Amino acid sequence: MSIRDPSILIVGAGAVGGITAVLLKKNGYDVTIVAKHSRYAEKIITEGISVSGAAGTFTEVVPAVTSMAEVNEKKNIVFLAVKANDLGNAAKEALPLLADGGYMVSMQNGICEYELASIAGKERTVGCVVGWGATMSSPGILEMTSKGDFLIGYFDRKPDEDLNRLAEIMGSVAPARATSNIVGHRYSKLIINSCITSPGAACGLYLGQMLSIARMRNIFIKIIREAVAVANAMNITIEVFGGKLDFYKFIEKEGWLADFKRDVMIRVIGFKYRRLKSSSLQSLERGKQTEISYLNGFIADTAEKFNIPVPVNRKITEIVKMIEQGHLSIGIDNFDDPLFD
């Protein structure tokens, strides 16, 4: 199949999905977006989506529907820009709309390629790491908060002409390149989210506040150690995060000097991104579920299959789930357990 002149469906009109839709449409691509709330879909059709920040400032009207049942033609590319918790249902609904030889692209945090491949098939699954930040201040008012790129790759094979063409198309949104180790890149981002997003949700602090606490910096290191052990068991080669953080080198040395260097690095991260507020914390504050099962929960569940002890990731998963269920409150005292000493 050729995707030289594709018809594109974007499922999810949040910050990432909305900005992707607007920039693709602005660059002349045939795009339809699924916005599940009817008022939002109507606004997208009549007033458009307004984007500001690192991508520039502009407004674009995009064809929108409230459900995939309203889409009456096959699509060559389906971008799944929903939360990880919603990926399975979204993929199943979109599957009948996927043209022969088409591709589904997962844009979630965590490693969702296994689930997507089980629904769409490995040959039609494309993993994607979204390296830029975005937020929605209100429906239809979106901001690209930081520059970054896309990394895309097949679940189980090397890049080919179609994948390179897909990278070219996505380059209308942000610089994009194909990789033969998408799972390694996804796992790298999963570790960072597990270190930052999940503990931030449990304690309720901004990143700078959180990483100013020695115990939380220690937890950061323990999460990485456990995650690397699981990746080794899965035969995953973890890619360097952001071209800078090599997880293997980060944990390989022992002794006071190595501990000191790790501590300093984490302090620097905390200072640089001190105003960062966990996306999972924001979900909890809105009364919504987090993606914990696809972050620390993924590490914990996979570790169980290999008989690998990961007590810190498992405990953090339990804490966040208990907060979701209303059995715990958000607060730094959630880390008073001696396990975290």
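Buried here means under 20% relative accessible area, exposed over 50%, and partly exposed in between, with a 1.4 Å probe and protein chains only. The model is predicted: local features need pLDDT of at least 70, side-chain atom pairs count only at pLDDT 80 or more, and totals for chains, interfaces and linings use all residues. Residues are numbered from 1 along each chain as its sequence is written, and side-chain values use heavy atoms, leaving out hydrogens and water.

Start by selecting Phe 335 and Phe 340, which are both buried.

Next, the aromatic pairs. A search of the whole structure finds four of them; rings of Phe, Tyr and Trp (its six-membered ring) pair if their centres lie within 6.5 Å, with planes under 30 degrees apart counted as stacked, over 60 as edge-to-face and the rest as tilted. Pick Tyr 114 and Phe 155: this pair is edge-to-face, 5.1 Å centre to centre with 90° between the planes. Tyr 114 lies in helix α4 (residues 113-120) and Phe 155 in the loop between β11 (150-154) and α5 (161-170), so the pair ties together parts 41 residues apart in sequence. Helices (H or I, at least four residues) and strands (E, at least two) are DSSP runs, numbered from the N terminus.

Now move to Tyr 154, where the charged end of Arg 157 sits over the ring, 3.6 Å from its centre. For such a charge, NZ of Lys or CZ of Arg is within 6 Å of the ring centre and within 35 degrees of the ring normal. Then show Lys 26, which lies over the face of Phe 58 at 5.0 Å from the ring centre.
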